[in-house]
Amino acid sequence: MAQAAAVAKPPAPPRRRRASATPRRLPYLLIAPAALLMLGFIAYPVLNVFYYSLQDYNPTKPWRNGFAGLGNFTQAFGHDPQFRDTLTFSAKWVVVEVGLQLLFGLALALIVNQTFVGRAVGRALVFSPWAVSGVLTSAIWVLLYNSQTGVTRYLADAGLGSYGTSWLSDTSTVFPAAVAADLWRGVPFFAILLLADLQSVSRDLYEAAEVDGAGRLKQFWHITLPHLKDAIVLATLLRAVWEFNNVDLLYTLTGGGPAGETTTLPLYIAKTSVDAHNFGYASALTTVAFVILLFCSIVYLRLSKFGGESR
């Protein structure tokens, strides 16, 4: 008995606590308030636009308000030549702006990626226009294009033109004048994004190419450009969407004129809703623009094979 009592009983194994699901759900609980706010601020306006696109809604003519079905879309595609004109100009504006901004932005990125005296100052000057708002950019270029105190005045003094010429009032010069103003603001975006990717290219690749006898052009074509492929695709896609939705610069610079020559689809939508108070038709045009951007973005990403093996 004494020996049996002396033998201690083995301790009972510790009970395993049931794993709580709270730690796993904690990250989702923490981001839930922000996610709900984002959903409210994004989903509600989008759904509201879809709803009003099927309505005749004009606060100044309440007796005409009501369900319109696809009537607004039928009017846009069948009975509104201004819609087709603004859509065509929007496509032209996006292609020209994004193409030129990519070309000049890539050139600037390659330049400021080199080692030279004052490189930090040069980079700051190159990137500074991107920090300027669209309205302020328009104000700067309106002053530059002013017929009394702007560039045309000094060109006339030099015998290159006539006094009183306004590039923003002439249908033959307003488009290149507006393009130049937006290039000044948009080129730094490409330069910043491409420069960041350029700095990740290993110098060993260029040194190996030089040993193999490859010149600057071959190095650019076979090393630099493939490395920048995803950055170029992303930058052009983002900038194309922003340029398509460009309202502030063109509205402040030209107001869509002269004679509607610089009216983009978003600017036409803004005038239809704010000036004409035709919110139903403006919502239908917004829905069309949304579908066009979504479709073009998907096709562009598929064709460019964004994120795939490029080097």
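**Surface patch and salt bridges**

Trp130 is partly exposed, at 31% relative accessibility (buried means under 20% relative accessible area, exposed over 50%, partly exposed in between, with a 1.4 Å probe and protein chains only). This is a predicted model, where local features need pLDDT of at least 70, side-chain atom pairs count only at pLDDT 80 or more, and totals for chains, interfaces and linings use all residues. Residues are numbered from 1 along each chain as its sequence is written, and side-chain values use heavy atoms, leaving out hydrogens and water.

**Nonpolar patch**

- Trp130 sits in the loop between α5 (119-127) and α6 (134-144).
- Helix α11 gives the largest share, 3 residues.

**Salt bridges**

- The structure has 4 salt bridges (a side-chain nitrogen of Lys or Arg within 4 Å of a carboxyl oxygen of Asp or Glu).
- Asp248 pairs with Arg185, with the closest N and O atoms 3.7 Å apart.
- Asp248 is in helix α12 (residues 248-253) and Arg185 in helix α8 (residues 174-198), so this pair ties together parts 63 residues apart in sequence.
- Arg185 is buried at 11% relative accessibility, whereas Asp248 is partly exposed at 31%.
- Glu243 and Arg239 meet in another salt bridge (3.0 Å, N to O).
- Glu243 is buried at 1% relative accessibility, and Arg239 is buried at 4%.
- Shared partners link Asp182, Arg185 and Asp248 into one salt-bridge network.

Note on methods:
Helix = DSSP H or I, 4+ residues; strand = E, 2+ residues; numbered from the N terminus.
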